[in-house]
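Subject: Structure handover and findings

Hello,

Here is the structure I promised to pass on. Please open it first, then read the notes below it.

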Amino acid sequence: MKRYPLTLLYDAACPVCSLEMDHLRERNTLGHLAFIDIAAPGFDAARHGATLAELQAQMHGVRPDGSHLIGLAALREAYAAVGLGWVLNATAWGPLAPLADAGYRVFARHRQSISRVAAPFIAALRTVRARRTAAAMARCQAGECALHEVRPPAKEMAGAGS
């Protein structure tokens, strides 16, 4: 089964969710992830085999075959896609898995309230990230960085007409 691209259906109107997707986007150098904002005007949940309420209840990841990963399973796969799978591996282990899944569902149910409380922290973190990105871009413009070519996986290259 083809794992990527994994399409993450997320709520950009939720500051915590949006911040997490920014984090994953930064690390998505191989293009294994795609992102769709379920809060965007014109978004149609039915095109993804779900209702908007289902998508708002928990994170959904859609595999290339159309199957869904929901909740922490989607996040584990997304983290693995960007080389950070180790961060969430323990959430899938034996007795920890049901506890982690339940904790995620509680978080997801209260994510808007959590976002309101965490708003100052989120704003500060976004400012730090923006400054870091601007500084890195300035170094590159000054010729002080090395840009690395990102190559598609071998399967995709095979049909490229080499």
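In these notes, contact means heavy atoms within 4.5 Å. Helices (H or I, at least four residues) and strands (E, at least two) are DSSP runs, numbered from the N terminus. This is a predicted model, in which local features need pLDDT of at least 70, side-chain atom pairs count only at pLDDT 80 or more, and totals for chains, interfaces and linings use all residues. Residues are numbered from 1 along each chain as its sequence is written, and side-chain values use heavy atoms, with hydrogens and water left out.

Overall layout

The protein chain has 7 helices and 4 strands. Along the sequence they follow the pattern β-α-β-α-β-β-α-α-α-α-α. Of its 162 residues, 31% count as buried. Buried means under 20% relative accessible area, exposed means over 50%, and partly exposed lies in between (1.4 Å probe, protein chains only). Take the contacts between residues at least 6 apart in sequence: 66% of them join residues at least 24 apart.

Two packed helices are described by the angle between their axes and the distance between the axes. Axes are lines fitted to C-alpha atoms, for helices over the stretch in contact, and angles run from 0 to 180 degrees between N-to-C directions.

Helix H3 covers residues 72-81 and helix H5 covers residues 96-109. Their axes come within 10 Å and cross at roughly 100°. H3 and H5 are therefore roughly perpendicular to each other. The classes are: under 35 degrees roughly parallel, over 145 roughly antiparallel, 65 to 115 roughly perpendicular, the rest oblique.

On the H3 side, Leu72, Leu75 and Arg76 make the contact; on the H5 side, Ala100, Asp101 and Tyr104 do. By class, this contact has 4 nonpolar, no polar and 2 charged residues. Ala, Val, Leu, Ile, Met, Phe, Trp, Tyr, Cys and Pro count as nonpolar, Asp, Glu, Lys and Arg as charged, and the others, Gly among them, as polar.

H3 is mostly covered, with 8 of its 10 residues buried. Among them are Leu72, Leu75 and Arg76. Just after H3, Gly83 takes a positive phi of about 85°.

Rings

How many aromatic pairs does the structure hold? There is 1. Tyr104 and Phe107 form it, at 6.2 Å centre to centre with 45° between the planes, which makes it tilted. Rings of Phe, Tyr and Trp (its six-membered ring) pair if their centres lie within 6.5 Å; planes under 30 degrees apart count as stacked, over 60 as edge-to-face and the rest as tilted. Tyr104 and Phe107 are 3 residues apart in H5, so about one helical turn separates them. Tyr104 is buried at 11% relative accessible area. Phe107 is partly exposed at 28%.

Separately, Arg25 lies over the face of Phe35, 4.5 Å from the ring centre. The test is NZ of Lys or CZ of Arg within 6 Å of the ring centre and within 35 degrees of the ring normal.

H1

Helix H1 (residues 15-27) includes Arg27, which is partly exposed at 33% relative accessibility. Arg27 and Ala81 are 54 residues apart in sequence, yet 9.1 Å apart C-alpha to C-alpha. Leaving aside residues up to four places away in sequence, Arg27 touches Val82 and Leu84.

H1 also packs with helix H6 (residues 111-141), at about 35° with the axes 7 Å apart. The residues of that contact divide into 7 nonpolar, 4 polar and 6 charged.

Best wishes
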